[in-house]
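Subject: Structure handover

Hello,

Here is the structure I promised to pass on. Please open it first, then read my notes below.

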Amino acid sequence: MKNLKRATRPITPMRATLCAMLSIATVAAMTAGCETLDTPPSALPQGTRAVSTPVTGATATATVMATAPAPAPVAPPPVLPLDDALLAAANNLFASAAKTLSMPPTQRLLVIDPLVDGVSHTQTVTTQSLETKIQGLVRSKYPGFNAQPFSRASVGQAPIVLVGTFTAIDLKNQTGGARDAFRICLALADLKSGLIVAKGVARANIDGVNLTPLPHLQDAPAWTKDPSVDAYVQTCQGTKPGDRIDPAYLDGILAASLIAEASDLFDSGRYQDSIEVYRSALSTPKGDQLRVHNGLYSANWKLGRRADAERAFGDVVRVGLATNRLGVKFLFRPGSTDFVSDARLSAPYSMWMSQIARSASSRAACLQVVGHTSPTGPEPLNERLSVLRAENVKNRLEREAPQLKGRVIASGAGSREKLIGTGTDDVRDALDRRVEFKVVPC
């Protein structure tokens, strides 16, 4: 072994100079003889760039890590009065679309799929007002578009569809906290190309915002995280121009157009007509959704058809539990575990309990009942009150279906999972005082 020698590569003065310079440049070669390390630009750490620097007296080139200057922070968009914010978002949207689209000699058909709250998915007096103003703006300023109602007939012509969300945010653009502003998000989806062609975003201050739900939602008994509406929100908020339209939104757009028609009929008091259109929506491939069953329940209840309303509520429970988050609008007296005394509101509660108990008892799993409160009052008291309300509902379910005893769990979330957050304790934030039902393992 003593005769064996490890082969080394001689270090010439020129190579020594090169090694020293590379060391200074933080590009060190770790092999014997200081071999040059060549790093492709694609492999460099984020925020650096490759610079080829000639070394005097040598044939090698050193790769030097030069740190790129940090990008300047982007200032948040200004918070504008509501009408100004809408104009900013809409003008940006249509001006961008005019550059992207090759407008034919005739007008492009434009329809508006009703705007929704980005968290609660509700339509309000304000979201409806924004739609009306957008339609007026298109007709007065953008003659390349022909604004028509969102209907099964217009959808059949592969129009450009405007979708939009109106969402309460804090100044860091986050939802669920302080309500410092509202974010308006608008997007144009071209059904012919299947692409998002333009977007417009702005922030509006909270003055002049009316979050009263439209009548068909005021009367709706339940709420759930509806996949169809999730796809709508994703199409608006989770895309950029050039992206494909969310496939789930495209699959359900015919049903959505019929739901919009039926909801308008309900809001105008034409309950029988709304039932017929809701049934048409139900017959479409993506029509078996909570919005349809809520509408059928509410319209039948308005017409005094209790048996039909009960069947519709049974479907509400089925769809809600299938998504594992069914929020039912049981309304309680302020600070109490008793239901409101107004018979116009509480009259159907016994039937609701019966349907929920029947559906839960037919499953092998257990049921978690979660109480919620509005954000008014101290949170520790809200949490305790939400638990007590959940226990009240749990006891009623067990009386309705004794086989549920030992399979129902009561818990409370206080106001931590609010959907509206106004703290008005009236029809505007009824969803914040819901009772949720979730299927859980026993």
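**What I found**

Start with the contacts across the chain. Among contacts (heavy atoms within 4.5 Å) between residues at least 6 apart in sequence, 71% join residues at least 24 apart.

Some ground rules. This is a predicted model, in which local features need pLDDT of at least 70, side-chain atom pairs count only at pLDDT 80 or more, and totals for chains, interfaces and linings use all residues. Residues are numbered from 1 along each chain as its sequence is written, and side-chain values use heavy atoms, with hydrogens and water left out.

The protein has 442 residues, and 47% of them are buried. Buried means under 20% relative accessible area, exposed means over 50%, and partly exposed is in between (1.4 Å probe, protein chains only). The exposed surface comes to about 21,500 Å², with 55% of it supplied by carbon and sulfur atoms. That area comes from the Shrake-Rupley method with a 1.4 Å probe; for residues, only the protein chains shown count as cover. There are 14 helices and 13 strands. These are DSSP runs numbered from the N terminus: helices are H or I, at least four residues, and strands are E, at least two.

**The sheet**

Five strands make an open sheet with mixed pairing, in the order E9-E10-E13-E11-E12. Strand E9 (222-223) and strand E12 (408-412) are at the edges with a single partner strand each, so one side of each has no neighbour in the sheet. Two strands pair if DSSP finds at least two bridges between them. E10 (residues 326-328) and E13 (residues 435-440) pair in the antiparallel sense, over three bridges. Gly327 has Glu436 in E13 as its bridge partner.

Helix H11 (residues 306-322) lies across E9, E10, E11 (366-371) and E13. H11 runs at about 140° to E10. Here axes are lines fitted to C-alpha atoms, for helices over the stretch in contact, and angles run from 0 to 180 degrees between N-to-C directions.

**The cores**

A nonpolar core is a set of buried Ala, Val, Leu, Ile, Met, Phe, Trp, Tyr and Cys residues joined through side-chain atoms within 4.5 Å. The largest has 47 residues; Phe313, Phe330, Ile356, Leu397 and Phe437 touch the most other members. Another core lies apart from it, with 33 residues, including Leu93 and Ile160.

H6 covers residues 227-237, and its buried residues are Val229, Ala231, Tyr232, Val233, Thr235 and Cys236. They pack against strands E6, E7 and E8 and helices H7 and H10. At the start of H6, a side-chain oxygen of Asp226 comes to within 2.9 Å of the backbone nitrogen of Ser228.

Pro241 sits in the loop between H6 and H7. Pro241 is partly exposed, at 45% relative accessible area. Val197 is 44 residues away in sequence, but 4.9 Å away in space, C-alpha to C-alpha.

**Two positive phi angles**

Ala158 has a positive phi of about 50°, although it is not a glycine. Ala158 is in the loop between H4 and E6. Asn173, also not a glycine, has a positive phi of about 70°. Asn173 is in the loop between E6 and E7.

Best wishes

Methods. A polar contact is a pair of N or O atoms within 3.5 Å; within protein, one must be able to donate a hydrogen and the other to accept it, and residues adjacent in sequence count only if both atoms are side-chain atoms.
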